[in-house]
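Please consult the sequence and the model while reading.

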Amino acid sequence: MRIVIAEDAAVLRDGLVQLITDRGHEVPAALPDAEGLLAAVAEHRPDVAVVDIRMPPTHTDEGLRAAIEVRRAYPQTGVLVFSQYVETRYASRLLAENAAGIGYLLKERVVDVRDFMDALERVAAGGTALDPEVVGQLLGAGRRVDALETLTPRERDVLGQMAEGRSNAAIAKALRISDRAVEKHVGGIFTKLDLPPSDEDHRRVMAVLRYLRG
């Protein structure tokens with residue numbers, strides 16, 4: 001296999017290069033950031049690009065955005081996201097069109113070198129290699145979005161007012177409905193977003209967070 005790596009941690013980057021080359025594969029480029037990934041793929045046409053998520057300059061989601069660009073420009077190149085984090089928004093986009101040749105592994109959960117190499121080989125062959133934790137979080141994100149879509153227009157109005165920090169009384173005044181109607185809508189929101197009463201979580205805050213993420 002021919003493999004390109006984008007990983008900002010020097011020790012891990014060098015370790016991956018050593019691991020892969022020791023097993024008879026080629027690493028024509030190992031980059032410390034995501035900026036040059038597309039150019040490296042264009043030049044070397046690797047079987048797989050191994051990409052971290054959070055890299056310079058902002059250490060947020062550069063790697064995943066670069067991976068999406070690689071898949072769009074070179075769909076025959078597999079992409080293995082190798083990170084400490086699950087970024088559901090861009091990961092969903094990466095998998096949305098075609099999951100063939102896509103992998104997403106969490107660094108701390110890879111305890112056997114053979115598992116990593118097996119994942120590389122599956123991705124290079126057009127298969128998938130997804131950590132169960134990644135799958136679980138992606139499904140959870142999907143359920144949250146679906147739940148928001150079940151809200152009625154009035155419930156969304158109420159939730160929007162809640163996101164602005166308004167009390168039930170203030171919401172009733174802003175929407176020109178009764179306090180009792182607001183309470184009914186808030187109860188419906190909690191039910192549809194699966195937010196049962198809890199001593200540990202503030203349901204109002206949790207509902208707003210899901211609204212903002214959606």
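## Helices α7 and α8

The crossing of α7 and α8 is right-handed, a term used if the near helix is turned clockwise from the far one by less than a right angle. The model is predicted, so local features need pLDDT of at least 70 and side-chain atom pairs pLDDT 80 or more, whereas totals for chains, interfaces and linings use all residues. Residues are numbered from 1 along each chain as its sequence is written, and side-chain values use heavy atoms, without hydrogens or water.

Helix α7 covers residues 153-163, and its axis lies 10 Å from that of α8 at an angle of about 125 degrees. Axes are lines fitted to C-alpha atoms, for helices over the stretch in contact, and angles run from 0 to 180 degrees between N-to-C directions. Helices are DSSP runs (H or I) of at least four residues, numbered from the N terminus.

In the contact (heavy atoms within 4.5 Å), R154, D157, V158, Q161 and M162 of α7 meet I171, A174 and L175 of α8.

## Helices α8 and α9

Helix α8 (residues 168-175) packs against α9 (residues 179-192) at about 110 degrees, with axes 9 Å apart. The two helices are therefore roughly perpendicular. N168, A169, I171 and A172 of α8 meet D179, V182, E183 and V186 of α9.

## Helix α9

The buried residues (under 20% relative accessible area, 1.4 Å probe, protein chains only) of α9 include V182 and V186. Just after α9, D194 has a positive phi of about 55 degrees.

Methods: Angles under 35 degrees count as roughly parallel, over 145 as roughly antiparallel, 65 to 115 as roughly perpendicular and the rest as oblique. Buried means under 20% relative accessible area, exposed over 50%, partly exposed in between (1.4 Å probe, protein chains only).
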